[in-house]
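Please read each point alongside the structure.

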Amino acid sequence: MTERKKTSLPDLFAKVTRGEPLSWLTAYDYPTAYFQEQAGVDMILVGDSLGMTMLGYDSTLPVTMDDMIRHTQAVRRGAPDTFVIGDMPYMSYQPSVETAVRNAGRFMAETGCDAVKLEGGAEMADRVTAIYQSGIPIFGHLGLTPQSASALGGFRLQGKGALQAKKIFDDAMALESAGAVCILLELIPDRLCKLITEEAQQTIIMSLGSGPDAHGQLLIYHDLFGLYPKFKPRMAKVYGDAGQVILNGLKEYVREVTANEFPQKEHYFGMKDEEFDQLLSLMT
Ligand code: KIV
């Protein structure tokens, strides 16, 4: 096991100051979180993308606070020393400032996560400020924000045109002023991401499919390893086809059981003759 001290927010800012890019991945369960911590990932996002990657929904909208709490608790157990961010699900913060603070607090108290994330720009600034003033580190999320995919015209590049790009830039500045410690920029043009990163004074800027010029990179874990069968986004690099490895293994298991090749002697346990004889006598 790798020895490692718990990563704190100042540690993340220190890395940014030293010009060291931050690595960030999603995880939704104990074993994945465990491996990510062993690999030295800086931050783990328990994303509401779990609605699609783990629960099989077509969008993130059906995900509830209870779903998020359960999965974030599992990730915390697997990665006790990594900076873990809980993603606030649909309608857990949009209705009001009070709803947002209560659910952010629930996340922190019930899961032990280190920060929470919500989607949206200037219109969410009051929620961001209220959560920040409650002592909870708050992450923003701009560009392609999946909870608004319908309003944004689907899962597509945002900020292609100058006007929309300016709006995303202004939203980033509004979130920074509101107290966001980090802003994720998802699927916006690389030059817009660079502009925002250069302008940010006290906020960490992270890129998901928005180019190399942010303070670090986020990817969806399932995309790295071919584990989401419905869709393979262009922005994700595949580091191994675990999906194919698993499928091959499953087919082999079915074949071996069907052919009476599994189990072999080493896969099960026997019983002493005298114990077995006694068992038989007890049964007569
Ligand atoms: O839910 C999630 O994993 C996210 C990413 C798409 C950034 O919010």
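1. The count comes to 16 salt bridges, a salt bridge being a side-chain nitrogen of Lys or Arg within 4 Å of a carboxyl oxygen of Asp or Glu. One of them joins the side chains of Lys117 and Asp87, at 3.0 Å from N to O. Lys117 belongs to strand β4 (residues 115–117) and Asp87 to strand β3 (residues 83–87), so this pair ties together parts that are 30 residues apart in sequence. Helices (H or I, at least four residues) and strands (E, at least two) are DSSP runs, numbered from the N terminus.

2. The model is predicted: local features need pLDDT of at least 70 and side-chain atom pairs pLDDT 80 or more, whereas totals for chains, interfaces and linings use all residues. Residues are numbered from 1 along each chain as its sequence is written, and side-chain values use heavy atoms, with hydrogens and water left out.

3. Around the ligand there are 13 residues, of which Asp48, Ser49, Asp87, Lys117 and Leu184 come nearest; a residue is near if one of its heavy atoms lies within 4 Å. By class, this shell has five nonpolar, four polar and four charged residues. Here Asp, Glu, Lys and Arg count as charged, Ala, Val, Leu, Ile, Met, Phe, Trp, Tyr, Cys and Pro as nonpolar, and the others, Gly among them, as polar.

4. An N or O atom in the side chain of Ser49 is 2.5 Å from an oxygen atom of the ligand. For Asp48, a polar side-chain atom lies 2.8 Å from a ligand oxygen, and for Asp87 the distance from a side-chain N or O atom to a ligand oxygen is 3.0 Å. A polar contact is a pair of N or O atoms within 3.5 Å.

5. The peptide bond from Phe262 to Pro263 is cis, with omega near 5 degrees, and Pro263 is in the loop between α11 (242–258) and α12 (273–283). Met91, in the loop between β3 and α5 (97–111), has a positive phi near 70 degrees. Most residues other than glycine have a negative phi, and most peptide bonds are trans.

Conventions:
Polar contact = N/O pair within 3.5 Å; in protein donor to acceptor, adjacent residues only side chain to side chain.
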